[in-house]
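Keep the viewer open as you read.

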Amino acid sequence: MRRLGALLVFLGLLILLREFQPAFIEPLKPYAPYIKDAFWGVTLIAFGLYMMLRKAAKKAVLVLYLLYLLLYLVV
């Protein structure tokens, strides 16, 4: 639960940073439509991989998906 809390705090800080310093996100702006449009595809692939893989690989899939969610929510 502590990791989830830390992740939520980090996400909140990124969203606040986006609101108060929009230039922070400028390098990602050209990729925003691609990140937003691919949401369901990435979600289904991540869920499928999570269901198929073993414990150690599941953590890697989860971390990569959480990074994608951060990008999705911030951009």
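## Terms and ground rules

A crossing of two helices is called left-handed if the near helix is turned anticlockwise from the far one by less than a right angle, and right-handed if it is turned clockwise. Helices here are DSSP runs of H or I with at least four residues, strands are runs of E with at least two, and both are numbered from the N terminus.

This is a predicted model, in which local features need pLDDT of at least 70 and side-chain atom pairs count only at pLDDT 80 or more, while totals for chains, interfaces and linings use all residues. Residues are numbered from 1 along each chain as its sequence is written, and side-chain values use heavy atoms, with hydrogens and water left out.

## The overall fold

The protein chain has 4 helices and 0 strands, giving the pattern α-α-α-α along the sequence. Its C-alpha atoms fill a box of roughly 40 × 30 × 15 Å along the principal axes.

How many of the residues count as buried? Of the 75 residues in the protein chain, 19% do; buried means under 20% relative accessible area, exposed means over 50%, and partly exposed lies in between (1.4 Å probe, protein chains only).

## How the helices pack

Let's begin with helix 1 (residues 2-20) and helix 4 (residues 55-74). Their axes come within 10 Å and cross at roughly 30°. That makes helix 1 roughly parallel to helix 4, and their crossing is right-handed. For reference, axes are lines fitted to C-alpha atoms, for helices over the stretch in contact, with angles from 0 to 180 degrees between N-to-C directions. Angles under 35 degrees count as roughly parallel, over 145 as roughly antiparallel, 65 to 115 as roughly perpendicular and the rest as oblique.

Helix 3 (residues 39-52) also packs with helix 4, at an angle of about 165° and with the axes 9 Å apart. Helix 3 and helix 4 are therefore roughly antiparallel, and this crossing is left-handed.

## Residues to click on in helix 4

The C-alpha atom of V61 lies 7.1 Å from that of L49, 12 residues away along the chain.

L69 also belongs to helix 4 and is partly exposed at 23% relative accessibility. Between L69 and L11 there are 9.4 Å from C-alpha to C-alpha, with the two residues 58 apart along the chain.

## Along helix 1

L4 sits in helix 1 and is partly exposed, at 44% relative accessible area. The C-alpha atoms of L4 and Q21 are 25 Å apart, for a separation of 17 residues along the chain.

F20 is another helix 1 residue, and F20 is exposed at 64%. Together with V9, L13 and L16, F20 makes a nonpolar surface patch of about 440 Å². Patches take residues with over 30% relative accessible area and no salt bridge, joining like charges within 9 Å and nonpolar side chains (Val, Leu, Ile, Met, Phe, Trp, Tyr) within 5 Å. The accessible areas come from the Shrake-Rupley method with a 1.4 Å probe, and for residues only the protein chains shown count as cover.

## The salt bridge

The structure holds 1 salt bridge, meaning a side-chain nitrogen of Lys or Arg within 4 Å of a carboxyl oxygen of Asp or Glu. Which residue does E19 pair with? The partner is R18, and the closest N and O atoms are 3.5 Å apart. R18 is partly exposed, at 25% relative accessibility.
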